[in-house]
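Hi everyone, thanks for coming. I'd like to walk you through one structure today, piece by piece, so please have it open on your screens.

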Amino acid sequence: MLPLRELQLRLSTALSAGPTGTGAVADAVDPALLALVNDRGGLGPAQRLDIYADMYRTRLVDVLREDFPRVLAILGDEEFRALACQYLARHPSTHPSVRYVGRRFAEFVAGAAALPPFLADLARLEWARVEVFDAPDAEPLRLSDLESLPASDWPALRLRPIPACLLVECAWPVHEIWAAAEDPAPGRAGAGRPEASTIRVWREGWSVSHAAMGDLERRVFPLLEQGEPFARLCAAGEAGLEPAAAAREVGSLLMRWLEDGLLARLPA
Amino acid sequence: MAIAVPFLGHGVGLRPKHFPQLWDGTARVDWFEAISENYMVAGGRPRAALERARSMAPLVLHGVSLSIGSTDPLDEAYLRALGDLVARMEPAWVSDHLCWSGVGGHYAHDLLPLPYTEEALAHVVRRVVAVQERLGRQIIIENVSSYLTYTHSTLAEWEFLGAVAERADCGLLLDVNNVYVSATNHGFSADAYLAGLPPDRVGQIHLAGHTDMGTYLFDTHDAPVIEPVWDLYRQALRRFGRVSTLVEWDDHIPELDVVCAEAERARAVEAEVLEGANAAPA
């Protein structure tokens, strides 16, 4: 008889070891473990263990399928499952909630061989969408909140993004690949060339959105995150522009952020 | 001693698919059962939905990752998150499963069966007591469906479950479908199972559908409850009396009216058994 801990460690190893599913446990099973499982009815010990091994992979692969639907669309069912099983073997879940099973998937994809070169960026975008989905809430700032602000207060105004906002730095135009992968007609997904992009991922209400940032937003947004005053944001927008023109450009950007619900309400 | 939980009626599992129909207020829901881990998040729709559901009907939290039988230390971060959720939502009760879900720092996210030995019993009792002290309330432990049993078990599953309840002073969530599935898979008597449980410990009942895989029954929660499980529910009601009941759906989840109809059927079966009302609709 094995002590409880030894039994659990051996069973856990057996369930997660196989790379595919049905049959994996039967091939790799630990004799001491097999001897502890009753052989009763139509199923032998190895087959009974195999039910759990198959459930383990099926359940966690399903979680990854839900979290990375565009990666799945590009790879197809079979290749995605194989990749997901390799990932789970390398990075078993270490969090009690399945919500976090995919947290190292993009990193794993980046190191895997023979995959489309943009796939890791796409996985990073999809994971950012998962993170933003249940990120902390914040009341969004509305245009009406700013309308009564005296002009003299604007230069020192410190705006801040909502917590449910992440930036994803990519080597590929991954927002276009994401959109194309929704309907992966042959030749569409994966088309394009490397192009450094910054994708903003945010939640408005309960809906998660993302958008590629333009040059101006890429320059200004980091300052917003750092809590710099509005005058500094305008100064950062001045590259090659007159101050008044830069203020207009930054003003347009501010309007877009307000429409997207990207800014948090100012402290009272 | 007994489990001190209220009778809430016949509940419905809180599932995102049903949010639009739930929020329009046309469905009759006695109470909601929410999967605890799905709401241990910082914000967004899950938390808002849980708060909204709680404002509509009593709420019960049902966990899947407490891993009460694991030989790893209790997960402090998990207990803290569960405690925070309980403090915020004030559920009528908190439940999880008699199983282990991982070991060695890894989670299998499954409800893995324990050997029913004195060693495992002492271990589980210690941990249930610790969790109850941590949460400041009794918890309710559910029997799981299983596909294997261990040669070195010295207790029947129902003896083990009853002993956990008595020694740790916790409640039991009797999953009638799990009793049926495991009885079929392992060749024990479902009647003996029900007869062997302490009646004053059963605080909740689960019903569910399963799938016949040919050589075994698989607990899939993706189909209506079958007639033999309804019959076993009748037996459970005769033994345990009126107990809050919920029909679980976790896969191929149908429209809310179908889920509510199953809850209504459970209500009718209860009336039939306990009040001698006419036979419940099929």
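Let's start with chain A, where the centres of domain 1 and domain 2, taken over C-alpha atoms, are separated by 38 Å. Before going on, please keep in mind that this is a predicted model, in which local features need pLDDT of at least 70, side-chain atom pairs count only at pLDDT 80 or more, and totals for chains, interfaces and linings use all residues. Residues are numbered from 1 along each chain as its sequence is written, while chains are lettered from A and ligands numbered from 1 in the order in which they are written.

The domain assignment of chain A gives 1-115 as domain 1 and 116-268 as domain 2; such bounds come from an automatic or database domain assignment. How many residues of domain 1 of chain A are in contact with domain 2 of chain A? There are 13 residues of domain 1 in contact with 14 residues of domain 2, where contact asks for C-beta atoms, placed from the backbone, to lie within 7 Å. On the domain 1 side, the elements giving two or more residues are α5 (69-75) and α7 (105-111) of chain A. Helices here are DSSP runs of H or I with at least four residues, strands are runs of E with at least two, and both are numbered from the N terminus. For the classes, Ala, Val, Leu, Ile, Met, Phe, Trp, Tyr, Cys and Pro count as nonpolar, Asp, Glu, Lys and Arg as charged, and the others, Gly among them, as polar.

Still in chain A, look for an open sheet of 3 strands, in the order β1-β2-β3, with antiparallel pairing. Strands β1 (165-170) and β3 (207-212) of chain A stand at the edges with a single partner each, so one side of each has no neighbour in the sheet. From one strand to the next, the twist averages 20°. Pairing requires that DSSP finds at least two bridges between two strands, and β1(A) is joined to β2(A), residues 197-204, by 6 bridges. One bridge pair is A:E169 with A:T198 in β2(A). Across β1, β2 and β3 of chain A lies helix α10 (residues 174-181), running at about 60° to β2(A). These angles run from 0 to 180 degrees between N-to-C directions, with axes as lines fitted to C-alpha atoms, for helices over the stretch in contact.

Now to the contact between the chains. It takes 40 residues from chain A and 38 residues from chain B. On the side of chain A, α1 (4-17) and α4 (45-67) are the elements that give two or more residues, and α1(A) gives the most, with 9 residues. That side of chain A divides into 23 nonpolar, 10 polar and 7 charged residues.

Over in chain B, we have a closed barrel of 8 strands, running β1-β2-β3-β4-β7-β8-β9-β12 with parallel pairing. Its neighbouring strands are turned by 30° against each other on average, direction ignored. Take β9 (residues 202-208) and β12 (residues 244-248) of chain B, which pair in the parallel sense over 5 bridges; there, B:I205 has B:T245 in β12(B) as its bridge partner. Helix α6 (residues 176-186) of chain B lies across β8 (171-175) and β9, at about 65° to β9(B).

There is a hairpin in chain B too. Strand β5 (residues 100-103) is joined to β6(B) by 3 antiparallel bridges, and 2 residues sit between the strands, with B:G104 taking a positive phi near 65°. Of the 7 residues of β6(B) (residues 106-112), 5 are buried, so the strand is largely enclosed by the rest of the structure. Buried means 20 or more other C-beta atoms within 10 Å of a residue's own, exposed means 12 or fewer, and partly exposed is in between, with C-beta atoms placed from the backbone.

B:S67 has a positive phi near 55° without being a glycine, and is placed in the loop between β3 (59-62) and α3 (76-89) of chain B. Is B:S67 buried or exposed? B:S67 counts as buried, because 26 C-beta neighbours lie inside 10 Å. B:H221, also not a glycine, has a positive phi of about 55°, but B:H221 is partly exposed, with 19 other C-beta atoms within 10 Å.

Terms used:
Contact = placed C-beta atoms within 7 Å.
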